[in-house]
Structure formats: C-alpha cells, structure tokens
Amino acid sequence: MINRRTMIRGGSAAAVAGAGALAFTAGVAQGTPSTDGSQSLTSAGADATSAAKVPAFLPLPASVKPLPDNGKGYRIQRAGKNAYVVIVGFVQSVFVVTRSGVVLVDAPPASRGKLTEAIASVTDKPVTHFIYSHSHLDHVGAVTDFPDAVRVAHADCATILALHKDPARPMPQKVLNGKYSILHIGGEEIHIIYPGANHEAGNVLTYFPKQRLAVMTDVVMPGWAPYRGWGNADYLPGILRAHDAILELDFDTYVGGHVYRTGTRADVKQSRAFFVDFWNTTKKNMGSIPFSDAAAQVEPENAWAAQKVWIDRVAKATQSELVERWGTEIAAVDTFTADTAGSVVVSISTDATINFP
C-alpha cells in the first residue's frame with residue numbers, strides 16, 4: 001500500500017514513474033543487435049553486459065516515426081485558425097486561444113514546463129479553462145500548473161477523481177452530465193460528447209467545430225496498433241462506439257493524446273477497421289480452439305490454469321493472423337496484440353451485446 005505521506009506534487013512516486021513509462025521520449029534507450037536477431041536493450045549508463053535480451057520487433061513505418069521538434073523538447077502544430085497541438089515525446093495536449101483566454105485539453109506530467117512555454121510562445125493570454133479528457137495521471141497530472149483555470153470534467157470522470165483524492169488531479173469546478181454539452185467560451189463553441197464508458201468511464205470527445213478539430217484521448221492512436229488492452233480499457237465495446245462518435249463529426253485534425261503525430265479521418269477509419277477485425281478474429285478463434293484440449297493439459301480442478309492455457313492459445317492465433325494482415329499497414333501490431341486479445345476474450349465473454357460489432 002502506498003503511504004499517503006509519499007505523495008508528491010505529481011501524484012505518488014510510483015504513479016509518477018508509471019506515467020513516465022507511458023510518456024517516454026524517443027531515444028532514451030539504446031538497442032544493441034545480437035547474433036540471433038534479438039536486441040539487448042539498455043538504458044543510458046546501464047551495464048550492457050547485464051542487459052536482458054528482448055525479441056526483435058517489426059520495424060516502424062516511416063509514417064509513424066517522430067517528427068523534428070523545435071530543439072526545446074517539444075513540437076507545436078497548428079490545428080485550426082487558433083488551435084494548437086503540443087507534442088512532447090509520446091504525449092499530446094491541445095489548446096485553443098479564445099477572445100477571453102486559453103482553453104486547454106490535458107496536461108501530461110511529461111509536458112510540464114514545455115506546455116506552459118508552448119502556450120506563451122503563441123499568446124500572452126492566461127489559461128482560463130482546463131478540460132479533463134479523463135482522469136488518468138499520464139494525461140492530466142500537470143493540471144496544477146494552471147491553478148487559475150476553471151477545471152471541466154464529465155460527471156463520471158469527477159466521480160473517479162473524487163476516489164483518487166490526488167492533489168495532482170484536483171476536482172473540477174464545472175461538472176457536465178449526459179451525453180452532450182456545449183460550452184461557449186470567448187467566442188468559441190466547444191462540444192463535449194460522451195458516448196459512454198470506453199477507455200475509461202468519463203473519457204470524453206472534445207470537438208471544436210470552428211477549428212475542425214476533434215480530441216479524444218487513448219481511443220485512436222493514429223498509425224499504431226492499440227496499447228495493451230486499449231490502455232486497460234474499462235469497457236471494450238465502448239471503444240468502437242467512441243470511434244463511431246468521432247466519425248460522426250466534421251473534422252480535419254484528430255488528436256489522440258499519444259504517438260508522435262496527429263491524425264486524420266482516414267486514421268480513425270483505419271483504427272476502427274482494425275478494432276472490428278481484432279474482435280471478430282478473436283471471436284472466431286474462441287470458437288475454433290477447443291477449451292477441452294486446454295483443460296486436459298492441466299490439473300482437472302485448476303480452472304484458472306485451464307483458462308490461462310486456452311486464452312493464451314486464442315491470443316497467439318489472433319496475433320498471428322492480425323500481424324499477417326496488418327503488420328505492414330500500422331505500427332507495432334506484433335507488440336501488445338496477444339495481451340490485448342486476452343482482454344478481448346474476457347470482454348466477449350462478459351460485456352458484448354448480441355450481434356456486436
């Protein structure tokens with residue numbers, strides 16, 4: 001149990017370290033090829049002789065690799081007449097300059113300092129409003145850098161924030177209910193859309209129609225296969241509903257909170273197609289790989305072991321098929337797909353409605 005006395009400004013020490021792992025900057029580790037095709041991965045300054053070998057992975061397509069930054073550790077990209085995306089390593093934030101001030105969506109701990117500098121490079125107006133995409137520390141753990149901003153969150157997000165009681169993630173002053181809200185701030189119309197639980201309960205889609213900009217964190221990773229279990233998603237069928245909610249909008253730029261670039265409608269469509277293929281392939285393999293064969297390999301009374309053997313077989317078969325179909329289309333299909341397939345097996349067994357997707 002974490003002692004509350006160990007809490008620091010960015011959350012508990014353990015939580016901050018975890019958020020950093022999800023927001024690494026490219027180039028912090030070095031890989032040394034080995035004779036068997038694997039890599040010995042070593043952190044800077046580590047003893048290479050003691051490094052464990054890791055398997056070789058598919059090379060990243062050029063389209064997903066980091067773009068040059070400004071030499072100060074971040075990249076700022078225009079995403080509308082007065083909207084901007086700030087990309088620091090593998091994390092992203094959005095801010096829109098209105099007549100009365102700046103509206104900011106997310107403030108990752110990895111962007112601390114750089115985000116403030118990026119905003120100041122565009123405008124001298126203060127950040128007046130902060131929109132919580134959801135409660136996860138790796139995206140909102142630097143919100144306290146903007147203490148004068150009115151914090152806005154969906155009610156489901158606010159419920160989770162209240163449970164955390166984390167000083168790094170203070171409660172919102174404005175709580176939104178229902179599936180659709182419209183904010184009017186400094187001449188900017190901002191749509192807050194909640195398609196239901198997805199990556200997390202309370203994870204919202206923020207839409208700036210004048211900017212033709214859609215922001216939804218941890219749902220679509222443009223050009224990439226999803227993170228493990230879609231980021232330990234609360235409700236996997238909700239991931240597909242979130243894709244559909246995004247595609248109902250008229251936008252030019254999509255921001256997903258992670259990866260090295262923003263996305264387009266084509267990226268969201270591709271991500272949706274991958275989800276559907278992933279789900280249907282897993283379901284097919286669940287039906288074709290006999291559970292009885294897996295159960296026969298373990299002690300008869302050990303239900304967990306039987307499940308483990310069977311799920312691993314389903315996951316391995318699913319990953320093999322998806323790598324064959326998608327391995328050259330999107331990045332990192334060979335990394336978390338087997339782990340994610342295990343989550344899909346459980347979701348198919350417990351969550352899914354009839355005829356989904």
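I start with a definition: patches are made of residues with over 30% relative accessible area and no salt bridge, with like charges joined within 9 Å and nonpolar side chains (Val, Leu, Ile, Met, Phe, Trp, Tyr) within 5 Å. Accessible areas come from the Shrake-Rupley method with a 1.4 Å probe, and for residues only the protein chains shown count as cover. A salt bridge is a side-chain nitrogen of Lys or Arg within 4 Å of a carboxyl oxygen of Asp or Glu. Lys and Arg count as positive, Asp and Glu as negative, while His and the chain ends are not counted. Each charge is placed at NZ of Lys, CZ of Arg, CG of Asp or CD of Glu.

This is a predicted model, in which local features need pLDDT of at least 70 and side-chain atom pairs count only at pLDDT 80 or more, while totals for chains, interfaces and linings use all residues. Residues are numbered from 1 along each chain as its sequence is written, and side-chain values use heavy atoms, leaving out hydrogens and water.

Now the patch. On the surface, Lys81, Arg99, Lys125 and Lys210 form a patch of positive charge. Where does Lys210 lie? Lys210 is in the loop between strand S13 (205-208) and strand S14 (213-215); helices (H or I, at least four residues) and strands (E, at least two) are DSSP runs, numbered from the N terminus. Lys210 counts as exposed because its relative accessibility is 55%. The cut-offs are under 20% relative accessible area for buried, over 50% for exposed, and partly exposed in between (1.4 Å probe, protein chains only).

Next, the pairs. Side chains of opposite charge can pair when their charged atoms come close. How many salt bridges does a search of the whole structure find? The search finds 12.

One of them joins Asp166 and Arg169, at 2.9 Å from N to O. Asp166 is buried, at 6% relative accessibility, and Arg169 is buried too, at 10%.

Another joins Asp339 and Arg228, at 3.4 Å from N to O. Asp339 is in helix H10 (residues 337-350) and Arg228 in the loop between S14 and helix H5 (229-232), so the pair ties together parts 111 residues apart in sequence. Asp339 is partly exposed, at 32%, and so is Arg228, at 47%.

Arg261 pairs with Asp267, their closest N and O atoms being 3.0 Å apart. Asp267 is buried, with a relative accessible area of 10%.
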